[in-house]
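Hello,

Here is the structure I promised to pass on. Please open it beside this email and follow along.

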Amino acid sequence: MSTLSERVLGAPAGAYVDREVDIAFAHDGTGVLTQAALREMGVERLPHPERLRLVFDHIVPANTGTTATLQAELRGYAKGSGIALSDAGSGVCHQVMSEGVVRPGTVVVGADSHTCTLGAFGAFATGVGATDMAAIWASGATWFRVPETIAVHLSGRLSGAAEPKDVALACVARLGMEGATYRALEFAGEGAAGISMDGRLTLCNMAVETGAKTGLFYADAVTVRYLASYGLAASPQAPEDCRCERTLDIDLADVVPLVAVPHRVDTVREAEDLAGTHLDQVFVGTCTNGRYEDLARFARIVRGRKVAVRTLVVPASRAVLSRAIATGVLADIVDAGCMVATPGCGPCLGAHAGVLGEGEVCLSTANRNFKNRMGVGGEIYLSSVATAAASAIAGEIAVPEAV
Ligand SMILES: CC(C)[C@H](C(=O)O)[C@@H](O)C(=O)O
Ligand code: SF4
C-alpha cells in the first residue's frame, strides 16, 4: 500500500531521500539564473548533460536588447556544455517535455513552478529554484522529502460544456491556495480513465495552485497510447489503495463552467454568475490550456463567427501549432478575427505580447490571476477554453453552450 509519490521516490511519506534525476530543465528566465549560479559555484563541467534541457519560452522572440543578449549567452552556454536546447518558438517547457520526453516512474525537476504538469505521466515531477537547479546540474541528483498525499477521487463523466480546466478550478476552490502545501495530489478513481492526456496535463498543472508539490495520474491505457504516438514504450502503473491523508471526492458530472475572479485562484464562481462582465482581452494558451485539444475546442466554437473583443491565441508548442495548421483549426481561429502569436508563454507573465493596461480586464485560460501579473493595474479572470471562446464571441463573460 503506497502512494504513487512513495512508489516513484522509493520511500514512505515524510522520509528524506537522495535521488538521481532523470530530467532537469530550465527556461530562458530561470536558465540565466542557473547559469549564473553555476559560474559562482565554479562548476565548469556538467556530469550528465544528456539529462538536462533548456527551453526558451518565457519571452520569445526576445523583446529587448537586454533579453536578446541574455538569451544569446545562454544559447552559447547550452552549446558549450552539451545541453539540448529547444530554442525560441518550440513552446512552453512543460508542453515540450510532455511531447515524448517524460515517461512514467521517472523523477523530473524543472526550474519552474508548473513542472508539476508532468506528473500526468505518473512521474514525480516538481519545480525547484534556479540555485537548486544549478546544484542538480552540477551533480545529477537532489534530495526530496516524500510528500504526504491527498487523493482526488474522480467519479462520473464530464457533461455539458464542462472541461478538465473546470475540474482544476473546482479542485483549487475546494482545497484553497494553501490547502495542499507540500502535499501531492493523486488523481484517481474510475472518472480518471475518461480524461484525455491533454486534460490530465491541465489538472496536474494547477496542482501547484493549491500549494502542492505535484499532481499525479497513474499511467494507464491512455498514457500508454499517448506515449506510443511518440514511439515510446510504457507500462501502466496499477493503482493501489493509497495511504492518503485525506480524499477529495469530485463527481465529474456535477462540474459546471467556473471562473476564478481577481486576484486569487481559489476565489471561484460559476461562469453563469459572472455573465456580462466587461472584457478588454481574451487570452487562450499557456501550459494550462494551450494544447491541441484546447485549440480545437476553441476553433469549434468560434468557427464561422467573429470575436467581439481583442483575442490572442498562443499555441503551447510548435507541434501544437503545426497540427492546428494541418487540421484547419488555425484557419478557423484566424478567420474569426483572433491574433496568433509564437508558441511559448505569451502574455501569461505580463512580460511581453499582450500585456494589459491599467484597469483592463482579461479572461485567460492560464493558471494564475495574481494582481498585476499580466500588467500593472490589469485584472485577470481564469476560465476554461469553452468559456473563453463563448466570451470572445460575446465580448463579455458568457456561459458556453453544452457540446
Ligand atoms: C518565471 C517562472 C519562474 C514562473 C514560475 O516558476 O512559475 C512562471 O513560469 C510563472 O508561471 O509564474
Ligand atoms: S505559460 Fe505561464 S504558467 Fe506556464 S510556465 Fe509560462 S509563464 Fe508560467
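**What I found**

Start with a loop. Pro61 sits in the loop between β3 (52-55) and α3 (65-81). The peptide bond from Val60 to Pro61 is cis, with omega near -15 degrees. Keep in mind throughout that this is a predicted model.

There is another cis bond to find. It joins Pro262 and His263, and its omega is about 0 degrees. His263 belongs to the loop between β12 and β13.

Next, look at Tyr182. Its phi is near 55 degrees, which is a positive value in a residue other than glycine. Tyr182 is in the loop between α6 (164-175) and β9.

**The sheets**

Strands of a sheet pair through backbone hydrogen bonds, either parallel or antiparallel.

One open sheet has four strands, in the order β10-β9-β8-β11, and the pairing is parallel. Which strands stand at the edges? They are β10 (214-217) and β11 (246-251). Each has a single partner strand, so one side of each is left without a neighbour in the sheet. On average, neighbouring strands of this sheet are turned by 25 degrees against each other, direction ignored.

Zoom in on one pair. Strand β9 (residues 183-188) is joined to β10 by four bridges, and the two run parallel. Take Ala184 as a landmark: its bridge partner in β10 is Thr214.

Another open sheet has seven strands. Their order is β13-β12-β18-β17-β14-β15-β16, and the pairing is mixed. Here β13 (268-270) and β16 (339-340) are the edge strands. Each of them has a single partner strand, so one side of each has no neighbour in the sheet.

Now zoom in again. Three bridges join β12 (residues 258-260) to β13, and this pair runs antiparallel. Ala260 has Val268 as its bridge partner in β13.

**Ligand 1**

Which residues surround ligand 1? They are His27, Thr30, His58, Asp112, Ser113, His114, Leu349, Arg368 and Arg373. By class, this shell has one nonpolar, five polar and three charged residues. Domain 1 (17-143) and domain 3 (258-394) each supply at least three residues to the shell.

- His58: an N or O atom of its side chain is 2.7 Å from an oxygen atom of ligand 1.
- Asp112: a polar side-chain atom lies 2.6 Å from an oxygen atom of ligand 1.
- Arg368: a polar side-chain atom lies 3.1 Å from an oxygen atom of ligand 1.

How much of ligand 1 does the protein bury? Taken alone, ligand 1 exposes 320 Å², and the protein buries 73% of that.

**Ligand 2**

Now move to ligand 2. Around it are His58, Val92, His94, Asp112, His114, Thr286, Cys287, Cys345, Cys348, Asn367 and Arg373. By class, four residues of this shell are nonpolar, five are polar and two are charged.

Where does ligand 2 lie relative to the domains? Domain 1 (17-143) and domain 3 (258-394) both give residues to its shell, so ligand 2 lies between them.

Compare the two lists yourself. His58 is in the shell of ligand 1 and also in that of ligand 2. Asp112 is likewise listed around ligand 1 and around ligand 2.

Best wishes

Note on methods. Residues numbered from 1 in each chain as written. Chains lettered and ligands numbered in written order. Predicted model: local features only at pLDDT ≥ 70, side-chain atom pairs only at ≥ 80, totals over all residues. Heavy atoms only, no water. Near = heavy atom within 4 Å. Polar contact = N/O pair within 3.5 Å; in protein donor to acceptor, adjacent residues only side chain to side chain. Areas by Shrake-Rupley, 256 points an atom, 1.4 Å probe, with all protein chains shown as cover. Nonpolar A, V, L, I, M, F, W, Y, C, P; charged D, E, K, R; others polar. Domains from an automatic or database assignment. Pairing = 2+ DSSP bridges. Axes fitted to C-alpha atoms, helices over the stretch in contact; angles between N-to-C directions.
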